[in-house]
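Subject: A structure for you to look through

Dear colleague,

I am handing over a structure that I would like you to open beside this message. Please look at it first, and then read on for what was found in it.

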Amino acid sequence: MSKKKRILSGMRPTGPLHLGNLQGALANWVTMQDDYECFFFIADWHALTTDYENTDSVSDYVKNVMLDWLSAGLSPEKSTLFVQSHIKEHAELFLLLSMITPVPWLERNPTYKDQIVQLNNKDLSTFGFLGYPVLQAADIIMYKADGVPVGMDQIPHVELTREIARRFNHFYGKVFPEPDAILTKTSKILGLDRRKMSKSYNNAIFLSDTVEDIAAKVSQMITDPQRARKSDPGNPDVCNVFDFHNLYSSPETVAEINEQCRAAQIGCVECKKIMGQHLISALEPVREKRKYYEDNPKLVADIIVTGGSKARSVAQQTMEEVRSAMKI
Ligand code: SF4
């Protein structure tokens with residue numbers, strides 16, 4: 001039997017996870033669990049790179065992300081689920097890699113430039129923020145991952161990780177494989193107001209939302225902006241509700257809505273109600289699992305400890321090789 005390839009990915013704990021996180025990454029991770037040896041980590045140190053001033057919520061967010069993950073179908077039997085800050089070896093490898101990473105490699109990182117502009121209400125002129133791709137590289141190569149599931153925007157990060165691994169191997173001998181970016185298919189899903197779904201825009205449907213929350217949020221969704229009245233033909237191609245139908249309704253319903261919308265035979269209120277019911281049903285297993293894990297906090301704590309031990313034993317082995325290669 002051929003050995004499964006190892007993949008690694010992480011999420012920053014900055015609040016409850018929403019449908020954008022589910023469709024953008026989590027749903028892929030759940031599927032990949034059967035085909036790969038998976039390491040998934042909650043990147044709490046990474047959360048500090050932008051939110052370092054107030055750290056009160058980080059530990060709660062960590063617990064909630066783990067609950068969201070388990071509810072969405074990540075399985076501690078199939079995958080190693082752990083918290084970054086519990087594995088101190090990540091900090092050691094980050095420090096050693098930072099010694100060999102040229103600063104211009106970090107300054108040209110497109111996300112760095114972009115975020116400095118986007119998050120202009122925060123002082124991001126910190127060493128930690130500039131260096132976060134080095135921490136990311138340490139996270140990935142620590143586990144000698146063969147691949148990293150990513151969206152298009154994260155490809156430069158994986159490329160930088162490959163360059164850092166190559167530079168390390170060049171100086172000290174081959175310790176690290178260069179991980180490949182595994183481009184995952186993501187589904188287009190916007191927030192209630194048609195902007196990117198985000199907790200900070202207050203336009204998200206969360207995995208932890210109740211049935212009532214979901215129904216209320218769906219009713220507020222902005223549809224085809226050109227359609228003012230039910231008697232106006234709509235255009236599903238520009239309607240976010242229709243994108244949700246594509247994800248959560250049957251192909252027959254999607255075809256029907258497509259036709260009826262264009263012929264002005266269905267109103268947006270009714271259309272949203274139908275979609276909302278399908279979304280609520282699709283998320284029923286998520287809510288059930290969440291209830292189970294919420295009622296068993298000791299089990300969740302044990303999952304975090306067990307995942308941490310598995311990750312730590314790999315990390316310790318890697319760090320022995322690193323110290324030996326560097327003769328320190
Ligand atoms: Fe969108 Fe449905 Fe309204 Fe058409 S009927 S514009 S698909 S919400």
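How many residues surround the ligand, and which are the closest? There are 14 of them, and the closest are Gly-234, Cys-239, Cys-261, Cys-268 and Cys-271. Please keep in mind while you read that this is a predicted model.

The shell around the ligand draws on several helices: α11 (240–248), α12 (251–262) and α13 (268–282) each supply at least two of its residues, and α13, with 3 residues, gives the largest share. Sorted by class, the shell has 9 nonpolar residues, 2 polar residues and 3 charged residues.

The chain is divided into two domains, with domain 1 covering 6–188 together with 297–326, and domain 2 covering 208–282. Between the C-alpha centres of domain 1 and domain 2 there is a distance of 36 Å.

After α3 comes Gly-73, whose phi is positive, near 115°.

The helix α1, residues 19–32, has 14 residues and spans 18 Å from its first C-alpha to its last, close to the 20 Å expected at 1.5 Å a residue. At which residue does α1 bend? The bend is at Ala-25, and its angle is about 45°. Ala-25 is itself one of the buried residues of α1, and among the others are Leu-19, Gly-20, Asn-21, Leu-22, Leu-26 and Trp-29.

There is also an annotation to note for this part of the chain. In an unreviewed UniProt entry, residues 13–21 are annotated as "short sequence motif: 'HIGH' region". In the model, the chain over residues 13–21 is 33% helix and 0% strand, and its end C-alpha atoms are 12 Å apart.

Lys-144, in the loop between α8 (132–142) and β4 (147–150), has a phi near 45°, which is a positive value in a residue other than glycine. Lys-327, in the segment after α15 (297–326), likewise has a positive phi, near 55°.

Thr-50, which is in helix α2, is 79 residues from Phe-129 in sequence, and yet their C-alpha atoms are 6.8 Å apart in space. Thr-50 counts as partly exposed because it has 17 C-beta neighbours inside 10 Å. Leu-48 is also found in helix α2, residues 44–50, and with 18 other C-beta atoms within 10 Å it is partly exposed. Leu-48 and Gln-115 are 67 residues apart along the chain, and their C-alpha atoms are separated by 14 Å.

Met-152 lies in the loop between β4 and α9 (155–172), where its 10 C-beta neighbours inside 10 Å make it count as exposed. From the C-alpha atom of Met-152 to that of Leu-247, 95 residues apart along the chain, the separation is 21 Å. Ser-219, in helix α10, residues 211–219, has 13 C-beta neighbours inside 10 Å and so counts as partly exposed. The C-alpha atoms of Ser-219 and His-90, which are 129 residues apart along the chain, are separated by 45 Å.

With best wishes

Key. Residues numbered from 1 in each chain as written. Predicted model: local features only at pLDDT ≥ 70, side-chain atom pairs only at ≥ 80, totals over all residues. Domains from an automatic or database assignment. Helix = DSSP H or I, 4+ residues; strand = E, 2+ residues; numbered from the N terminus. UniProt positions renumbered as here; feature names shortened; annotations may be inferred. Near = placed C-beta within 6 Å. Nonpolar A, V, L, I, M, F, W, Y, C, P; charged D, E, K, R; others polar. Expected span 1.5 Å × (residues − 1). Bend = angle between axes of the 7 residues up to and from the residue. Buried ≥ 20, exposed ≤ 12 C-beta atoms within 10 Å, placed from the backbone.
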